[in-house]
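My entries follow the order in which I looked.

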Amino acid sequence: MDITYKRNPNQNYMIIEGEYVDVGYEEKMLQENTIDVLLGFYTMEMNGYLQFWYDISGKKSLRDFFEQEGVTKENLYTIFRLISEAYLRLSEFLIREEAIYMDPDTVFLEQHKSYIVVFLCYCPLSHCDYLEQLRNIMRFIIAAVDHRQPEITELCYELFAITEQRSFSLGDLLLRLKDEQKEAQIEIQKEDIINAAREVGEDFFEEELEAEETEKRGFFDVIMENFTNWRQKYFHRKEELFPENDMLEDLEFDEMESATETVLLAENPNFCCGKLMYEGGGNGDKDYIISHSPFRIGSKEGGNDAVLHSPVVSRYHAKIYKRDGVYYLEDLNSKNGTYLNGQMISYHEAMPIKSKDTISFADVVYRVV
C-alpha cells in the first residue's frame with residue numbers, strides 16, 4: 001500500500017491506495033452509522049486503483065505524538081488503553097479487526113486539555129495482519145524511546161518481547177502496562193503515607209509500611225523473575241535491529257525526495273545549520289539559529305526550539321531536520337499550514353530548503369539566511 005498526503009487551505013487528507021478486499025456487510029454498516037473511533041473517509045478510483053481519502057485535519061499521528069510528547073509509561077498506557085477501547089467500540093458494529101490498518105502513521109489522536117481521543121483507520125485494502133501491525137508499532141516505539149532513560153527503555157523492550165511471541169494480543173501489552181501503573185501507584189502511596197507520618201511524628205507508620213510493602217513486592221517479584229534473561233536477549237536484539245550507534249539521532253521513517261543540485265543549507269558539516277530571520281506576523285517574534293536537528297517550531301512553550309507567539313500557529317507546527325547533509329522543512333499537520341516560498345506544503349512532505357527561502361508558519365514569516 002502507498003500512503004500520500006494532500007492539503008488544501010481548509011483540510012488535510014491522508015490517501016491510501018492499494019488492492020481492495022471485499023468487506024461484504026461492513027460497507028452497509030458504515031453507510032448507516034457514524035462510528036466515532038474511525039477516521040472519516042471517502043473513496044475514489046484513480047488509474048484502476050481504489051483510493052481511500054481520510055480527513056486528518058487537526059489530528060496528530062501516533063508517530064508525531066510520541067516524537068513530540070515523548071515515550072513515557074503514562075503515554076504508553078494511555079495510548080494502548082484508548083486503542084483497546086476503540087476496538088471494543090468497533091466490535092459493537094461487527095467491524096473486523098482485519099479491516100483496521102494500525103500503524104504509527106495511520107493511528108491518529110486529538111489532544112484536548114484534559115483528555116485524548118483516538119481514531120483508527122478503516123482500510124479494506126490488502127495489508128499485514130493485526131499482530132504484525134502491533135509489532136511494527138513496538139518497533140517504532142523502541143526507536144523513539146529515549147535510550148538514556150533505562151527504566152522506560154527496559155519496559156519498551158519487555159513490551160517488544162511480548163510482541164515477538166507467536167500468539168499475543170493488545171490485552172497482553174495493556175496488562176503489562178497496568179502492572180507498571182500499579183507499581184507506580186504503590187510507590188506514590190508509600191511516599192504519601194511516610195510524609196504524613198513524619199508530619200505527626202509517628203515513626204511506627206514506616207515500620208508497618210515496610211512489612212506491608214514486602215508482602216506486595218512478592219507479586220512484582222514473580223513478574224520480574226526472569227527479567228535479567230530477557231533483558232540480555234532483547235538488548236542484544238537491539239544491536240541487530242539498530243546497528244548504527246547514532247541511528248536514534250538521524251532515523252527518519254518517511255521516504256524523502258533526493259537532494260537536488262541546488263546548493264542547500266549546511267552541506268559542509270562544520271558550517272552553521274542556518275538562521276531563521278523574522279520578517280513579520282505573530283506578536284514579538286524573534287530570530288532563531290537552527291542549531292540542531294530536528295529543530296521544532298510551534299506555539300507551545302517548552303515543547304519547541306522556536307516558540308512563535310501567534311494564535312494561528314499550532315502547538316507543534318513544523319520541523320526542520322537534516323538528512324544526508326541536506327536540511328528539509330516538514331509540516332506537522334498544522335491547522336493553518338506551512339508555506340515555502342508562498343507554496344503550501346503537505347503533511348509529511350519533505351521540502352529541501354536553501355538560503356534566501358521564505359517560510360511562513362501560518363501568519364508568521366521567516367527568511368532562511
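I began with Asp324, which counts as exposed because its relative accessibility is 72%; buried means under 20% relative accessible area, exposed over 50%, and partly exposed in between, with a 1.4 Å probe and protein chains only. I noted that this is a predicted model, in which local features need pLDDT of at least 70, side-chain atom pairs count only at pLDDT 80 or more, and totals for chains, interfaces and linings use all residues. Residues are numbered from 1 along each chain as its sequence is written, and side-chain values use heavy atoms, with hydrogens and water left out.

I then read the phi of Asp324, which is near 55° and so positive in a residue other than glycine, and I placed Asp324 in the loop between strand E12 (318–323) and E13; strands (E, at least two residues) are DSSP runs, numbered from the N terminus.

I looked up Asn341 next, which is not a glycine and yet has a positive phi of about 55°. Asn341 lies in the loop between strand E14 (338–340) and strand E15 (343–344), and it counts as partly exposed at 46% relative accessibility.

I turned to the sheet, which is open and has five strands in the order E11-E10-E12-E13-E16, with mixed pairing; two strands pair if DSSP finds at least two bridges between them. Strand E11 (306–307) and strand E16 (351–352) are at the edges with a single partner strand each, so one side of each has no neighbour in the sheet. Strand E13 (residues 326–331) pairs with E16 in the antiparallel sense over two bridges, and Tyr328 stands opposite Pro352 in E16.

How values were computed: Helix = DSSP H or I, 4+ residues; strand = E, 2+ residues; numbered from the N terminus.
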